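Hello,

Here is the structure I promised to pass on. My notes on it follow below.

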Amino acid sequence: MCRYWILFLFVLWMMPIKAQDNNTDTLLVVNPGARHENPKQWRLGLQSGLSYMWEDTSDEESRLINAGANPSEVDDLYNQIRRGYYLSVDAHRLFKDIWGIGIKYSLMASFAEKYVLFELDDNVNVLHTQITNRRYVNYAGVSFYIQQWFKKAEALYVYSSLSIGYAHYRNEFETDFSSSYFKSNILTTGNTIGGSFEVGLEYFPLHWISIAMGLGCFLAQFDHVDITRGPYGQEVNLLESDQRNASRMDFFVGLRFYFK
Amino acid sequence: MKIFGKWIIYGFMIWVITGCGDDFLDDHSRQINHEAKTALYLTPESGYYEHSVKLPGAGGASYSIGMCPNWLNFKYMRGTFKGDSVLLKFTVQNIPATSKPGTYVSVLSLIIEDVGIYIQPVYMVNE
């Protein structure tokens, strides 16, 4: 399903490139901004911000609740893990100073830490343990970029980019108390094809640098994962209903450097 | 400009590398290395109770209650040792599993940072 969304976004994104290419000369003439008096060939972008994951964690939550965990504490743990930090770097070769093609790398990291109370099966004892969960999504791919003046005669641009590439998922689940419930810590990893779509604004205080802010949408779904418990690992093919969805929304600010 | 770019890349690489070690998969289970010499006897009528745990060498260490019977209701599940001791504050409550007359045996364990696990046997006597 994720792949169809990526394809759909790509088709949608390509439409304005074609329209804008036909009007390039007009746009260049009417815009007196400093940016176009110094056309550039290369663009390096660095951005950082916050992410919100859409990952459906109901299975993981149910597993903990069935093991006796307090539901509200589990809920709090997984609300924490949905919110993460985002960092990305990209480099693009610009054509006609309007669109470009390049590469993009991004990392999303989220951390959650919570003391959770478990009612044990004997109905007499409770276990109080700290659960630490860390999730990372590394992504690298090709990126297509397009920008357009947002307001004539001012150095404000609207831009969008679309990227398709390889995503790596890593989930570290750790408890601080070794018991019969948690024999060992768990590492889950997976690889898949993913994609991202970004839209934002760029302000050019100088012709070679811009300050950007925007929203991004990252899509990736993992149909098989490697699960490692202590020294033992196994590869698991997931049913469609159980597939890990590492999709997320990113909000970011960043700097863009333009070179000839 | 070049130096600025270089430090951004270095910082980024350090962040990625340090964030993804597999060490956490190793067995870090703590050992039970301290056990109370005497058991703690409680009754449903005990109500609010304070119990002092003294452990030489635990000065300033933080602790959390690891496991306890659910007929003990702790005021704080975490805290810090003051000197070599800590005062645990809890109430004793009767639950369905302990409603019949008898003696119910359980353990209270404290996970103490850099020290290990402390075990305190607890008995509830319901007459």
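A definition first: a nonpolar patch joins nonpolar side chains (Val, Leu, Ile, Met, Phe, Trp, Tyr) within 5 Å, taken from residues with over 30% relative accessible area and no salt bridge. Please keep in mind that this is a predicted model.

The surface patch

One such patch is made of Y52(A), W54(A), F150(A), V199(A), L201(A), M213(A), L215(A), M249(A), F251(A) and V253(A). Together they have about 900 Å² of accessible area. Three elements of chain A each give two or more residues: β6 (186–206), β7 (209–222) and β11 (248–259). The largest share comes from β11(A), with 3 residues.

Why does L201(A) count as partly exposed? Its relative accessible area is 32%, and partly exposed covers the range between under 20% (buried) and over 50% (exposed). L201(A) sits in strand β6 of chain A.

Strands β1 (residues 42–53) and β2 (residues 83–95) of chain A run antiparallel to each other, with 11 bridges.

β2(A) also pairs with strand β3 (residues 99–119) of chain A. That pairing is antiparallel too, over 11 bridges. Within it, L94(A) has G100(A) as its bridge partner in β3(A). β2(A) and β3(A) make a hairpin, with 3 residues between the strands. In the turn, K96(A) has a positive phi of about 55°.

Best regards

Conventions. Residues numbered from 1 in each chain as written. Chains lettered and ligands numbered in written order. Predicted model: local features only at pLDDT ≥ 70, side-chain atom pairs only at ≥ 80, totals over all residues. Heavy atoms only, no water. Patch = residues over 30% accessible without salt bridge, like charges linked within 9 Å, V, L, I, M, F, W, Y side chains within 5 Å. Areas by Shrake-Rupley, 256 points an atom, 1.4 Å probe, with all protein chains shown as cover. Salt bridge = Lys/Arg side-chain N within 4 Å of Asp/Glu carboxyl O. Helix = DSSP H or I, 4+ residues; strand = E, 2+ residues; numbered from the N terminus. Buried < 20%, exposed > 50% of the residue type's maximum accessible area, 1.4 Å probe, protein only. Pairing = 2+ DSSP bridges.
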